[in-house]
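Hi there,

Here is the structure I promised to pass on to you. Please have it open while you read, as my notes follow below.

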Amino acid sequence: MKLHFLALAFAPVATLATASTNSSVSIISQVLSNPASVGIPSLSSAEAAQLHALNHQRGEWNSCQLACSILSILIPSDVSLSSSPTYTPIPYWSAQQAALIPTCRADVSSATEISTTLRIAKLTACHLTVKSGGHAAFAGGSSIQDGILINLAKMNEVTLSKDRKTTRVGPGNVWSGVFKVLDSLGVSVVGGREAGVGVGGLTLGGGISYFSGRYGWACDNVVNYEIILANGSIVSASRSSHPDLYWALRGGGGSNFGIVSAFDLMTFEQGPLWGGSRIYEMKYNASLADTFSNFVTNAPNDDFAHLYLAFAYAPAFGGFIADTGPTYGKPVANASIFAELDRIPPVDGGDFTGVQNMTALSIALNQTSFARETFKTVTFKNDATLIKDVIQIFVDEAAPLLNISGFAPAFAFQPLSLNIIEKMSMNGGNALGLSTDEGPLTIMNPNWGWNLASDDDTVYAAIDRFVSRSVELARKRGLDNKFIYMNYASREQDVFGGYGEKSERRLRGVRRMYDEENVFGELWRGYFRLD
């Protein structure tokens, strides 16, 4: 009955290669004769019978229909077909991502199941993608049309080691889930600031944290990666095992090297901390710009402090507003490093700071999803005057679009102070290509939301103008910087070029070393590629 349903459920998909009857028979026969080739030690009699029955079916399926049919036999409880009337899509942060529908979804629960799924995809030449938290904005970042979606949500382990020095974290977690476990144990890890962001994407792309002044970014604090390579093998990457791969995964993203199935994260004692957000009228823009720039310069004086500066259009507050996120890694209100900020008054009822744990902080900062969404990012040398001018450019470009349905423009400045960059050299360094020689830096990241696809061109054009005008102004003043932060980048941005020639060349070498056949280059087309 199951196989009969599969045959009826699939309809031809023109965008994928069609598997001939002969090639389908050959592929299924290989699985039957050598199940170990797809990561299965042996087949049960029921699995063998189903594969034999599938082998005798006629008709032309495309490569992914064949792959999904085989997977539904080998890992039946974890595979669902989008063509089934009972199929339930999983949520994404942006509508662009959610609009893509896979041929099937594999809700894997182990590294072995990931390996089997990857091997079947390779055998059938079916495209695939991988979803951790699904927080990328552009279509195809962690979604796929007519391919295999490997969904990591079930892989949500959070296990503290006996010596309390490392925590094994599954890639299917979002950060609020990690902090909920660790807060109760009085420890923490260098992780994301927003509740709904996934562990996998944030950690592999860098990972700004409230703890970055003390420890660097999230990628700098991974002790070991469990990863499935292009050939389906499961290995550990650390300073002592596959050290080149270990380096590449620290900021180089995962889609070029393998599928990470577990992170062992450096762990430290941590109780409640002070932090939150404050909202201001736009008339304090200049003061806030000066304050933020001074903080980036002075942050090395206090590694426990963190601060971002953001601007947005917020009708509930009467228009454009400013927002800061002062956070201190101890339960100390208004530490002296925030003295300049404390002199700027927030709006009435606009101070949301206090002593709380990481779970509460991450939930408070979590952004609601938009119907449609776009990111972009650039990096500047730290300069208060440039920050003030970029704020005005933001208002100039966003204000004419306020009549667009659901339009919610925002952008932020994130600190790349010298103490953070210094910490990035720990454990052999990371792949980001940043150096203290470039001085303290500021990452700018626009984040705009809206409702209707018919407004896409207008919004994209405006955000592109905002960024290009800002970059050109910085370039004229000698304040531009090449770094492009992967986790905030839009699809067309040259992330790896922004890491610098030396880092990019080394990353390409590691990719060739661990994926000689360019399996991921051929099959995993989403996110940022080195090919």
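Before the details, one cut-off: a residue counts as buried under 20% relative accessible area, as exposed over 50%, and as partly exposed in between. Please also keep in mind that this is a predicted model.

Tyr 527 sits in the segment after α18, the helix of residues 519–523.

You will find Ser 255 in the loop that runs between α10 (243–249) and β12 (259–269). Is Ser 255 buried or exposed? Its relative accessible area is 4%, so Ser 255 is buried.

Ala 125 belongs to the loop between α6 (111–124) and β5 (128–131). With a relative accessible area of 48%, Ala 125 is partly exposed, because values between 20% and 50% fall in that class.

Helix α6 has a packing partner in α4, residues 63–74: the two axes come within 9 Å and cross at roughly 150 degrees. α4 and α6 are therefore roughly antiparallel to each other, since angles over 145 degrees count that way. The crossing in which α4 passes α6 is right-handed. On the α4 side the contact is made by Ser 63, Leu 66, Ala 67, Ile 70, Leu 71 and Leu 74, and on the α6 side by Thr 116, Thr 117, Ile 120 and Thr 124. By class, the α4 and α6 contact has six nonpolar residues, four polar ones and no charged ones.

How are α7 and α13 oriented to each other? The axes of α7 (residues 175–183) and α13 (residues 358–365) come within 8 Å, crossing at roughly 160 degrees. That makes α7 roughly antiparallel to α13. The crossing of these two helices is left-handed. Ser 176, Phe 179, Lys 180 and Asp 183 of α7 make the contact with Met 358, Thr 359 and Ser 362 of α13. Sorted by class, the residues of the α7 and α13 contact are two nonpolar, three polar and two charged.

The other pair is α11 (residues 285–298) with α14 (residues 384–398), whose axes are 8 Å apart and which pack at an angle of about 140 degrees. That makes α11 oblique to α14, because an angle has to be over 145 degrees to count as roughly antiparallel. Here α11 passes α14 in a right-handed crossing. From α11, Asn 285, Ala 286, Ala 289, Asp 290, Phe 292 and Ser 293 meet Ala 384, Ile 387, Lys 388 and Ile 391 of α14. The contact of α11 with α14 has six nonpolar, two polar and two charged residues.

Last, two buried residues for you to look up. Pro 326 lies in the loop between β17 (319–324) and β18 (327–328). Its relative accessible area is 0%, so Pro 326 is buried. Which residues surround it? Apart from neighbours within four places in sequence, Pro 326 is in contact with Trp 274, Gly 275, Gly 276, His 306, Leu 307, Phe 338, Leu 341 and Thr 353. From Pro 326 to Asp 342 there are 16 residues in sequence and 9.9 Å in space, C-alpha to C-alpha.

Asn 447 is part of strand β23, residues 441–450. Asn 447 counts as buried, because its relative accessibility is 6%. Its side chain is joined to that of Gln 367 by a polar contact of 2.7 Å.

Happy browsing, and do write back with any questions!

Terms used: Residues are numbered from 1 along each chain as its sequence is written. This is a predicted model: local features need pLDDT of at least 70, side-chain atom pairs count only at pLDDT 80 or more; totals for chains, interfaces and linings use all residues. Side-chain values use heavy atoms; hydrogens and water are left out. Helices (H or I, at least four residues) and strands (E, at least two) are DSSP runs, numbered from the N terminus. Buried means under 20% relative accessible area, exposed over 50%, partly exposed in between (1.4 Å probe, protein chains only). Axes are lines fitted to C-alpha atoms, for helices over the stretch in contact, and angles run from 0 to 180 degrees between N-to-C directions. Angles under 35 degrees count as roughly parallel, over 145 as roughly antiparallel, 65 to 115 as roughly perpendicular and the rest as oblique. A crossing is left-handed if the near helix is turned anticlockwise from the far one by less than a right angle, and right-handed if clockwise. Contact means heavy atoms within 4.5 Å. Ala, Val, Leu, Ile, Met, Phe, Trp, Tyr, Cys and Pro count as nonpolar, Asp, Glu, Lys and Arg as charged, and the others, Gly among them, as polar. A polar contact is a pair of N or O atoms within 3.5 Å; within protein, one must be able to donate a hydrogen and the other to accept it, and residues adjacent in sequence count only if both atoms are side-chain atoms.
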